[in-house]
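Colleague: Can we go through the charged residues in this model, and then the helix packing?

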Amino acid sequence: MANNAPPRWDRMMQQRLARGEASALGELYDRFASLVHSQAHRMLDDESAADVVTREVFGYVWENPDAYDPKQGSMRSWVARLTHRQSVRRLRSTAAAETYEDVEDGGVRADPADLEERVHRATAAARADYIVASMPAPLRAALELAYIQRRDYRQTAADLGVTEDEARRRLRLGLQLLSTAHTRPLEGSSPPGYGRRL
């Protein structure tokens, strides 16, 4: 954002949430629930845990609308960061509980490095999903044709009705965006009070 101002919708949504408008929460939920749930499910690989994270994220947003800092990005990005943080917290607490049960049953304590590797893989996968869902439609369409439908750049160009150079450019840009999933993970620190139960 050139002027660091959030989009108008983001500003108005934050104001409505701050006023306690339940309809604002419903609108926010309609817009971002599938993003939150799919990201949580991708990280946790558990439908019921993803449902819980979804409730927790929207509960946090409802209780703390002023925690959104427009200077840090869009509301969509903020909601995605909240989802990531809560999913990581749940992943770690689940692993800790499993380790405790294993030790109680006479097993060995799990290696913390294994947990961190699992968190890193889940984060990269969730970030890749987020990047694909957020990228411009022409880039996403080119990637889907090339990597899901196994078309080469010439076939991709023909299917999209663009030049071969344009198809290569779209594929290159899409892959560059996806490569950031491993190099720039979502933030992992927790917002104040985020662990509260709903």
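**Salt bridges and helix packing**

Modeller: E21 forms a salt bridge with R16, with the closest N and O atoms 2.9 Å apart. A salt bridge here is a side-chain nitrogen of Lys or Arg within 4 Å of a carboxyl oxygen of Asp or Glu.

Colleague: What kind of model is this, and how are residues numbered?

Modeller: This is a predicted model, where local features need pLDDT of at least 70, side-chain atom pairs count only at pLDDT 80 or more, and totals for chains, interfaces and linings use all residues. Residues are numbered from 1 along each chain as its sequence is written, and side-chain values use heavy atoms, with hydrogens and water left out.

Colleague: Is R16 buried or exposed?

Modeller: R16 counts as buried, at 17% relative accessibility. E21 is partly exposed, with a relative accessible area of 24%. Buried means under 20% relative accessible area, exposed over 50%, and partly exposed in between, using a 1.4 Å probe and protein chains only.

Colleague: Which residues are linked in a network of salt bridges?

Modeller: R16, R19, E21 and E27 are linked in one.

Colleague: How many salt bridges does the structure hold?

Modeller: Nine. One of them joins D159 and R151, with the closest N and O atoms 2.5 Å apart. D159 is partly exposed at 42% relative accessible area, and R151 is partly exposed at 30%.

Colleague: And what does R170 form a salt bridge with?

Modeller: With E166, the closest N and O atoms being 2.8 Å apart. R170 and E166 are both buried. They are separated by about one helical turn, because they sit four residues apart in helix α8 (residues 164-183). Helices are DSSP runs of H or I, at least four residues, numbered from the N terminus.

Colleague: Next, D10. Where does D10 lie?

Modeller: In helix α1 (residues 8-18). D10 is buried but has no salt bridge, and the nearest side chain of opposite charge, R31, is 5.2 Å away. For charge, Lys and Arg count as positive and Asp and Glu as negative, while His and the chain ends are not counted.

Colleague: What does the side chain of D10 reach, then?

Modeller: The backbone nitrogen of M75, at 3.0 Å.

Colleague: Last topic: at what angle do α2 and α3 pack?

Modeller: Helix α2 (residues 22-44) and helix α3 (residues 47-63) pack at about 140°, with their axes 8 Å apart. Axes are lines fitted to C-alpha atoms, for helices over the stretch in contact (heavy atoms within 4.5 Å), and angles run from 0 to 180 degrees between N-to-C directions.

Notes. Helix = DSSP H or I, 4+ residues; strand = E, 2+ residues; numbered from the N terminus. Polar contact = N/O pair within 3.5 Å; in protein donor to acceptor, adjacent residues only side chain to side chain.
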